Amino acid sequence: MSIHFTGAGIVSPLGHSVQATMDALEAGRSSLERVEEWAAVDGLSSHVAARVKDFDNRFIPRKVRRTMSKMSEMLCKATAEALSQANLSLEDVEHRRVMLLVGSTTGSTETFEVSFKKFHESGSSRGQFSTTMFKTMNHSVALNVASYLQFKGTVISPSSACSTGAQAILLGAQFIESGLCDIALCGGADEVHVGTAIAFDTAQAASSGFNADPQKASRPFDAQRDGVVVAEGASLVVLESADSMRARSAQSLGEICGWAQSCDGGHVAHSGADSMAQTMRDALAKAGLVPDDVGYVNAHATATRLGDLYESQAVHTIFGDHKPISSLKGHLGHSFAPCGTMEAIASLHMLRTQRFLPTLNLEEIDPELPALGYLREVSSFETEHAMSNNFAMGGMNVSLILRAPDKPR
Amino acid sequence: MSPIAEKINTILIEEFEFSPDVLTEDASIRDTLELDSLDAVDLTVLLEEQTGAKVDPRSFIDLRTLGDIHRLVEGIVAGKGA
């Protein structure tokens, strides 16, 4: 059975659509900026983020929007874009066998902050908004997208931080393959909060050396990389069985032909190279491919010292010295839950155009990293397959293998 | 219109995104404004923040029109000041 992507939607710090985001990526633009209010936080050394600006939420009716924080609003926008591209109406979503698989790292931290601040200041339960619960639940984005779509099918809200979006795609593919649905709406969203920066800063995993030159702050694989730059956004794909796609005369944006997930089970903060490599190997086996069939690897690479090292070692173990590889975290920062879906969409775009994006800010390849084909400029070459990796806190490994549509444009 | 009624209408315009045109005294809470129990809670929170009036959202249950809300809150504020 082949499983196709028939729709995609993105809200990112680089643009509020797939096209706007892809155009900015191809132009080599960075979305990172200095956050002045973070510079005033005692003890916080990371003062850079990538935030979605000028987002207009008024397309969502007030009654539906009242329970949404920014992450849900952004995911509704990405969902609407993806459904439009897939030519799926709300009636189609209701009457076809569709599953909704969307998640976030947490509920809205900003909403939690407002609620707890009121409580601690007053010592009272008075003054709490009724909608707080819906914005802070772990499945907040799922319940809100479902409400936006008036969705009546099965809803599952995966949550595995940086791997959430990729895991949603994997689960969607598995559910379609198993026959439980014909269409899966898979995605993720997260919103920036100073608490995330504090958490990564405290764990010595946030960039702090480029606060004065913020667009240089996220630099995967670079010798001077010094950590994650927190970001936000939303992304969603429509996955569909070939039979359903053909019955609707929908257009394929590409296929998902292999996938694997595993838990490292080792250090809680990161996966090791061995489990990453095994996950990639398992994804290749699922696809029935050998390493030479894959022409490009879209890396998770968040610009931490160890994460990039272990991932590059794993890719080298599987693919050898020359495999073209890049990470989009240099352009976009690390958006956590949506990054996997966003990177899969970007990888499909690269497969369709046969133009492969570089890692932004990769000025000097870290000599400690193994030899790989680290892309430093937009590169044109022919390949039918790409691998997209995401690795999350707790050792959550996901590898996806994507295939170009039949006739690359 | 009393200052309290104006304040309530301002909240409904700014926070609940109603057009001023629909905010008539006889506008039905349920059928015209479509305010439900969640909205009632949040409206009372905003009212307390902006007027000091402590309104129990459960007191909205028996109200039918926007004018009823105006009169309920006006009464509470008057009682508070008395």
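Domain bounds here come from an automatic or database domain assignment. The model itself is predicted.

**Chain A: two domains and their contact**

For chain A the assignment gives domain 1 (3–247) and domain 2 (256–403). Taken over C-alpha atoms, the centres of domain 1 and domain 2 of chain A are separated by 21 Å. Domain 1 of chain A puts 61 residues into the contact, and domain 2 of chain A puts in 55 residues.

Which elements supply the domain 1 side of chain A that touches domain 2 of chain A? Those giving at least two residues each are the strands β1 (3–11), β3 (48–50), β6 (183–190), β7 (230–231) and β8 (233–241), plus the helices α1 (18–26) and α9 (164–178). The most comes from α9(A), with 8 residues.

**Chain B: a helical chain**

Chain B has 3 helices and 0 strands. Read from the N terminus, its elements run α-α-α. The radius of gyration of chain B is 11 Å, close to the 12 Å that the globule rule gives for 82 residues, so chain B is as compact as a globular protein of that length. Along the principal axes, the C-alpha trace of chain B spans about 35 × 25 × 20 Å.

Burial comes next. Of the 82 residues of chain B, 26% count as buried. Contacts also reach along the sequence. Take the contacts in chain B between residues at least 6 apart in sequence: 61% of them join residues at least 24 apart.

**Leu12(B) in its setting**

Leu12(B) sits in helix α1 (residues 3–14) of chain B. Why does Leu12(B) count as buried? The cut-off is 20 or more other C-beta atoms within 10 Å. Leu12(B) has 23 such atoms within 10 Å, so Leu12(B) is buried.

What does Leu12(B) contact, leaving aside its neighbours within four places in sequence? The partners are Phe18(B) and Leu23(B). Ala53(B) is 41 residues from Leu12(B) in sequence, and the two are 16 Å apart in space, C-alpha to C-alpha.

Note on methods
Residues are numbered from 1 along each chain as its sequence is written. Chains are lettered from A and ligands numbered from 1 in the order in which they are written. This is a predicted model: local features need pLDDT of at least 70, side-chain atom pairs count only at pLDDT 80 or more; totals for chains, interfaces and linings use all residues. Helices (H or I, at least four residues) and strands (E, at least two) are DSSP runs, numbered from the N terminus. The radius of gyration is taken over C-alpha atoms; the globule rule is 2.2 Å times the number of residues to the power 0.38. A residue is buried if 20 or more other C-beta atoms lie within 10 Å of its own, exposed if 12 or fewer, and partly exposed in between; C-beta atoms are placed from the backbone. Two residues are in contact if their C-beta atoms, placed from the backbone, lie within 7 Å.
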